[in-house]
Amino acid sequence: MRYALKYLNNIHKIEVKKEDSALYILIDRQNFVVKNIKIKSNQVSFQLNNKRYCVYGVLKDRVSYISIDGEYYTLELADEKRQKRDTSTGGDSVASPMPGLVVKIAVKVGEKVTAGTTLAIVEAMKMQNELRAPRDGMIKKINFKEGEQIDAFEPIVELS
Amino acid sequence: MIKKILIANRGEIAIRVARACRELGIEVVGVYSEVDKDSLHLRFMDDAYCIGEPAPKKSYLDIQKIVDAAKKSGCEAIHPGYGFLAENAEFAKTCADNNIIFIGPDYKALALVGDKLASRNTARRVDVPVIPGMELKSSDLETFKKTANQVGYPVIIKASLGGGGKGMRVVHTEKELEPSISAGQREAKSAFGDDTVYLEKYIEKPRHIEFQVLRDNYGNTIHLFERECSIQRRHQKIIEETPSVALDNNLRRRMAEAAKQVISAAGYTNAGTVEFLLDENNNFYFLEVNARVQVEHPITELVTGVDLVHQQILIASGQKIKLNQEEIYQRGHAIEARIYAEDPENNFLPSPGEILYLNEPQGPGVRVDSGVYQGWNVPPHYDPILSKLIVWAEDREIAIARLVNNLKDYIILGIKTNIGFLKEILLTKNFLEGNYHTHFIDECKDELLKKKKNLHAALIAGALMQSQTKKVTGPEILHQDSEQTTPWQELGAWKICKR
């Protein structure tokens, strides 16, 4: 079984093989032997290199939220198609990385912008986040008005 | 004694205050905005009123709605918590005009300590050292230049009605002075509606040390020792401890006396905190008075055994302070870590959303002041604080170890939090040695973020979790070898659990 899990900006390829009582797991071409695996509702425990790990985890949609020994990891199941769309530099739309309130729309439809121009400002939890144009282009569509609530990853401004 | 109190706040502090009220046999009334109708704090109230839309201005900052709710529910007093209207003199006055007790200082004292220049002058009047700088309001560039030359560069421009770092500018040379003043004025105007800025000497590598003071309506004033709050990010405290390793008993006594003098001179009543900066040569300077119960008040409660919210309510009821200064001492060591919904790996971006899993730590010497529960959707409209983890132990070393262990046991999944970042701070050599100042995080933030060491175990756990879902087919599997059956098809999840 193979998986590709994305952590921060890196995609890690993982291959899981069963042999006798252990799992052989290949992570980015590095080999690991994992034993004594137990999986309960929100806990996964296993032995790796003679160390016992007790991991807390929740899986929602494509994302696993994981806590190990006070460290947190958010791992997204990578999808090749989706990956291409996400990482194409200078995409066609700009989305807010966090849910919040649209406090400012700084451009109009039809306006020409250069890379780095502030397009909109979204505020959450008393912090303002400026959304900037990823490339030169013209504003094709604006999907939100000032004062409206926005969810994370919803396109707010579209470029042509 | 007051019989019924309205708590004009939300989250962990509303719960903290509600607990104190119930212990004193006082009925509590809560308020909430539309988005907070399922919030944890409402479970601690005898009654609750919706006060409007989610935006703070339309609910928690709406003075009239809160006063109306207090009158309608027959409350004799309002506890403002911290933030929102806690230090708003107009709110305190509106309460007074409506015969409602504001649990905090009188509105005149509140207005005085809210103005930085005025409170600096109050401190100076009773010979408490202030950071050398301007004494009078001025917008004249020459006055700024002259003062800067007198106190010596670097200097700092600050907003008179300021807070949270807004309007602040550090200036290293005379050439930078004029543009920094204009920038500071613009920022102060937009943040506080007043463009008055002043200049003072910039203290490099200071420690932030504050003293908790109580003063009743009869002039009795006591202090409950210090809290060291030098671990800050963007002028927000995130880890606080008491006692401070920077103070010896002589310095502690002098600072405590200074704090009491400032509070008395300001005619201040109820609980207040006097903030000082301590420079590298152990000179202390008055910074400002915080006229509220502080976020970090629990560490003082744990080492002194005094319940500060009880004291606030008793003083507001018109009672005399029954504690004797000589009987208050610091026992052991306490540290607090603030748990925020923010993403340290993405520039500390706020991270509201649903808490999918929550496990709060418990054990000897552990206190969790929390405002959240599993399944709750943390709204994006308010401060990102979720809870506070506070520990007490016999000494500092054990307290740090206890806090680290309990941060590891504090599991919040589904949203991003700063729990891992807090743990890394506590484990640095400088923190362990007590060798830190207010720029600590700026100086080692990148290093703190690089310390993760369990990536491989996380990826293994992630793959094991993915394998438990039924739909691991199609595009989710990369380059599936056709001749190979998957171990999960062979096994099923539970077989491998056998030893």
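Let's start in a loop of chain B: the one between α6 (141–151) and β6 (155–159) is where B:P154 lies. What kind of peptide bond joins B:Y153 and B:P154? A cis one, with omega at about -5°. Hi everyone, by the way, and please keep in mind that what we are looking at is a predicted model.

Chain B has another bond of this kind to show you. From B:T242 to B:P243 the peptide bond is cis, and omega is near -5°. You will find B:P243 in the loop between β11 and α8 of chain B.

Now, how far can we trust the picture? For chain B, the mean pLDDT is 92, and 93% of the residues reach 70 or more. There is a stretch to treat with care, though: over residues 472–499 of chain B, pLDDT stays under 50. For that stretch the model has 52 contacts beyond four places in sequence.

On to the sheet in chain B. How many strands form this open sheet? Eight, and walking across them you meet β13, β12, β9, β10, β11, β14, β21 and β19 of chain B, with antiparallel pairing. At the edges sit β13 (284–290) and β19 (366–370) of chain B, each pairing on one side only. Ignoring direction, neighbouring strands of the sheet are turned by 25° against each other on average.

Let's zoom in on one of those pairs. Strand β11 (residues 236–242) of chain B and strand β14 (residues 333–340) of chain B are antiparallel and joined over four bridges. As an example, B:I239 has B:A337 in β14(B) as its bridge partner. If you are following a strand by eye, here is a handy rule: in a regular strand the side chains alternate between the two faces of the sheet.

What about helices? Helix α8 (residues 249–265) of chain B lies across β9 (207–215), β10 (221–233), β12 (270–278) and β13 of chain B. Its direction is at about 55° to β9(B). Then there is α1(B), which packs on the sheet and touches β19 and β21 (385–393) of chain B. The direction of α1(B) makes about 115° with that of β19(B).

Helix α1 (residues 11–23) of chain B also has a helix partner. Two packed helices are described by the angle between their axes and the distance between the axes. Here the partner is helix α10 (residues 308–316) of chain B; the angle is about 65°, and the axes are 9 Å apart. The crossing of α1(B) and α10(B) is right-handed. Which residues of α1(B) meet α10(B)? They are B:R16, B:V17, B:A20, B:C21 and B:E23, and on the α10(B) side they meet B:L308, B:V309, B:H310 and B:I313.

Over to chain A. This chain is divided into domain 1 (2–81) and domain 2 (90–159), and the C-alpha centres of the two domains lie 35 Å apart. The mean pLDDT of chain A is 88, with 93% of its residues at 70 or more. Where in chain A is confidence lowest? In helix α1 (residues 80–87) of chain A, with a mean of 48, while strand β7 (residues 63–68) of chain A is highest, at 96. Over residues 83–89 of chain A, pLDDT stays under 50, and the model has three contacts beyond four places in sequence for them.

A:L8 sits in the loop between β1 (2–7) and β2 (10–19) of chain A.

Last stop, another open sheet. Four strands of chain A line up as β13-β12-β10-β15, paired antiparallel. The edge strands are β13 (127–132) and β15 of chain A, and each pairs on one side only. Strand β10 (residues 100–105) of chain A pairs with strand β12 (residues 118–124) of chain A over four bridges, and there A:V102 stands opposite A:V122. With strand β15 (residues 149–150) of chain A, β10(A) pairs over two bridges. In that pairing A:G100 stands opposite A:I150, and A:L101 has A:Q149 as its bridge partner.

Conventions
Residues numbered from 1 in each chain as written. Chains lettered and ligands numbered in written order. Predicted model: local features only at pLDDT ≥ 70, side-chain atom pairs only at ≥ 80, totals over all residues. Heavy atoms only, no water. Pairing = 2+ DSSP bridges. Domains from an automatic or database assignment. Axes fitted to C-alpha atoms, helices over the stretch in contact; angles between N-to-C directions. Left-handed = near helix turned anticlockwise from the far one by under 90°. Contact = heavy atoms within 4.5 Å. pLDDT = per-residue confidence, 0-100.
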